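Trainee: Could you take me through the ligand site in this one, slowly? And once we're done there, I'd like a look at a few other spots along the chain.

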Amino acid sequence: MSKIYLDGKWVGRDEAKVSVFDHGLLYGDGVFEGIRVYDGRIFKLQEHMERLYASAKNILLSIPLPLEEFERIVVESVRVNNLKDAYIRVVVTRGYGDLGLDMRKCKKPTIVVIADHIDLFPAQVYEQGMKLITSSLRRTPHDVLSPSIKSLNYLNNILARAEAARANAHEAILLNKEGYVAECSGDNIFFLRKGTVYTPPLWAGILHGITRQTVIDLLKITLKMPVKEDVFTVFDLYGAQEVFITGTGAEIVGIVEIDGRKIGNGKPGRLTRDLEKLYRQVASTTGVPVYENAIAGR
Ligand code: PXG
């Protein structure tokens, strides 16, 4: 029986319920994180918690727990469920309020931590690669709702993903308002051309992906390859030698087709496959250990 953290208590799946007056439900007013556990170690825990607190601060939501204490609860969520490889969903909503928009009516944020088994993509997806389409929807611009806030307002992304599904593609590329590539619905995007790896810069209007940063570090430090964070268009993607996407759930996946154009030789490229292996190695050895003195010595 899984145990879920809900507002200071550990409850079973069936008791883990939030009020219909919670502004997380009524308005998508809240923030979240998706974190992976590899071989009993929580990967990039601090980075995820820092992003959660930054997202919360941006929406004027004060999380009523010090970051270190929240981290201990996340570690505990894996321990109490005795998980080794897992996915953790952390959610903080504005909390219980009335039917109006006024956040001052919400006296206490709702805090949820769910640690569960993870549904991995089959190995075939990594071997054969994914198809992308360019969505007709644009990524929310900074002056509408910052795309860097990991908020519960995911309709922009969900509708883009639905377009992909209708076109028999796995993921959708969202352009920013200027027509440059921003990111995918739940993943960041990279391409390789003539020995240099390109990815959109943070100011292009993207989520500051934690996998994205890990991959940039692996490329620069471990593989000693040049990485350019610069804006580009789908034209650059169509002609790239390799394209890959990155995210906590997907890790690193090669892209073999975009909008009906074959990418490279139609198979995930060598660099993509190498990064995939390197990433898994780092992810399974460097996280915060759950079953030894967790957090200590980090
Ligand atoms: N861009 C967007 C819009 C995202 O939602 C990423 C990039 C990748 O970020 P990280 O930090 O994970 O490298 C995300 C990730 C999932 C899942 O299960 C992922 C996300 C949201 C919901 C589900 O893979 N966000």
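Mentor: Let's start with the ligand and then move on to some single residues.

Before that, a word on the ground rules: this is a predicted model, where local features need pLDDT of at least 70, side-chain atom pairs count only at pLDDT 80 or more, and totals for chains, interfaces and linings use all residues. Residues are numbered from 1 along each chain as its sequence is written, and side-chain values use heavy atoms, with hydrogens and water left out.

The shell around the ligand has 21 residues, and the closest are Lys150, Tyr154, Glu183, Thr211 and Thr248 (near means a heavy atom within 4 Å). Strand E5 (86-93), helix H6 (210-222) and strand E13 (242-247) each give at least two residues to that shell; helices (H or I, at least four residues) and strands (E, at least two) are DSSP runs, numbered from the N terminus.

Now the polar contacts, which are pairs of N or O atoms within 3.5 Å; within protein, one must be able to donate a hydrogen and the other to accept it, and residues adjacent in sequence count only if both atoms are side-chain atoms. Tyrosine 154 puts a polar side-chain atom 2.4 Å from a ligand oxygen. On the nitrogen side, a side-chain N or O atom of glutamate 183 is 2.6 Å from a ligand nitrogen. Isoleucine 210 uses its backbone instead, with an N or O atom 2.8 Å from an oxygen of the ligand. Taken alone, the ligand exposes 540 Å², and the protein buries 86% of that (Shrake-Rupley areas, 1.4 Å probe; for residues, only the protein chains shown count as cover).

Next, threonine 140, in the loop between strand E7 (130-138) and helix H5 (155-166). This residue is buried, at 19% relative accessible area; buried is under 20%, exposed over 50%, and partly exposed in between (1.4 Å probe, protein chains only). A polar side-chain atom of threonine 140 is 3.3 Å from the backbone oxygen of leucine 145. Beyond four places in sequence, threonine 140 touches Leu145, Pro147 and Asn156, where contact means heavy atoms within 4.5 Å.

Phenylalanine 70, in helix H3 (residues 67-80), is buried at 0%.

Finally, backbone angles. Most residues other than glycine have a negative phi. Aspartate 39, in the loop between strand E3 (30-38) and strand E4 (41-42), has a positive phi of about 50° and is partly exposed at 44%. Asparagine 82, in the loop between H3 and E5, has a positive phi near 55° and is exposed at 64%.
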